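Let's take a walk through a protein chain together. Have the picture open and follow along as you read.

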Amino acid sequence: MPDTAFFNRNQPTAGLTEKATTSRIVRNTALANRVKEIHDFRCQVCGTRLASRRRPYAEAAHIQGLGNPHQGPDELHNLLCLCPNHHVLFDGLEIHVNAEGVVRETHGNGDLGPLRRHRDHPVDEAYLRYHRNLCGLNH
């Protein structure tokens, strides 16, 4: 009798595998790379340029998220170049960009400074407004 004929889900299953199917949105990696190149891999919030294995590292963050429930587009005007810390804070609605272009704490009075801009990367105010709405700020 094969030793893999039965297994109990309540018992440890070291070495056993299970097939799973997932769905995900396929992003345009060239677009993500473009926003990072425009900003020289520097965070638009803090200006940090990280290195990993002697290569620059930054993250392309969607302002209005892709997929449900946000349905934001995968386009340059809907992206920011952020360090991992500010990406987490932005996605977690802990920071936002106000109408004057200043990055602020959502649940406090702290200013982190102006969002760093570049002429080759216009950011659409409509997406920033959408993000502020998620933060509960556009009343």
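Buried means under 20% relative accessible area, exposed means over 50%, and partly exposed is in between, with a 1.4 Å probe and protein chains only.

## Before we start

This is a predicted model, so local features need pLDDT of at least 70 and side-chain atom pairs count only at pLDDT 80 or more, while totals for chains, interfaces and linings use all residues. Residues are numbered from 1 along each chain as its sequence is written, and side-chain values use heavy atoms, with hydrogens and water left out.

## The big picture

The chain has three helices and seven strands. Helices (H or I, at least four residues) and strands (E, at least two) are DSSP runs, numbered from the N terminus.

Of the 139 residues in the chain, 33% are buried. Now for contacts, meaning heavy atoms within 4.5 Å. Take the contacts between residues at least 6 apart in sequence: 54% of them join residues at least 24 apart.

Which residues of H1 are buried? They are Leu31, Ala32, Val35, Lys36 and Ile38. Looking down the axis of H1, you'd see these buried residues fall within an arc of 165°, so they line one face of the helix. (The arc is that of the directions from the helix axis to the C-beta atoms.) On the face turned away from the buried side sit the exposed residues Thr29 and Ala30.

What do the buried residues of H1 pack against? Their partners are strand E3 (59-62) and strand E4 (79-82).

## A buried lysine

Lys36 belongs to helix H1, which covers residues 29-38. Here Lys and Arg count as positive and Asp and Glu as negative, with His and the chain ends not counted. A salt bridge is a side-chain nitrogen of Lys or Arg within 4 Å of a carboxyl oxygen of Asp or Glu. Lys36 is buried but has no salt bridge, and the nearest side chain of opposite charge, Glu59, is 8.1 Å away.

So who does Lys36 touch? Leaving out residues up to four places away in sequence, Lys36 touches Phe41, Ala58, Glu59, Ala60 and Cys81.

Two strands pair if DSSP finds at least two bridges between them. E3 and E4 pair in the antiparallel sense, over four bridges, and Leu79 in E4 is the bridge partner of His62. Along E4, Leu79 and Cys81 point one way while Leu80 and Leu82 point the other, and all are buried.

Arg27 lies in the segment before H1 and counts as partly exposed because its relative accessibility is 33%. Setting aside neighbours within four places in sequence, Arg27 is in contact with Ala32, Ala60, His62, Leu66, Asp74 and Leu79. Arg27 and Glu75 are 48 residues apart along the chain, and their C-alpha atoms are separated by 9.6 Å.

## The E6-E7 hairpin

Strand E6 (residues 102-105) and strand E7 (residues 111-114) run antiparallel and are joined by three bridges. They form a hairpin with five residues between them. Within this pairing, Val103 has Gly113 in E7 as its bridge partner.

Arg104 forms a salt bridge with Asp111, where the closest N and O atoms are 3.1 Å apart. Arg104 is partly exposed, with a relative accessible area of 21%.

## Salt bridges that link up

How many salt bridges does the structure hold? There are four. Asp40, Arg42 and Arg49 are linked in a network of them. Asp40 bridges to Arg42, with the closest N and O atoms 3.9 Å apart, and also to Arg49, with the closest N and O atoms 3.4 Å apart.

How open are these residues? Arg42 is partly exposed at 39% relative accessible area. Asp40 counts as partly exposed at 36% relative accessibility, and so does Arg49 at 38%.

A disulfide is a pair of cysteine sulfur atoms within 2.5 Å. The structure holds zero disulfides. Cys83 is in no disulfide, and the nearest cysteine sulfur, that of Cys43, is 3.8 Å away. Another cysteine, Cys135, counts as buried at 12% relative accessibility.
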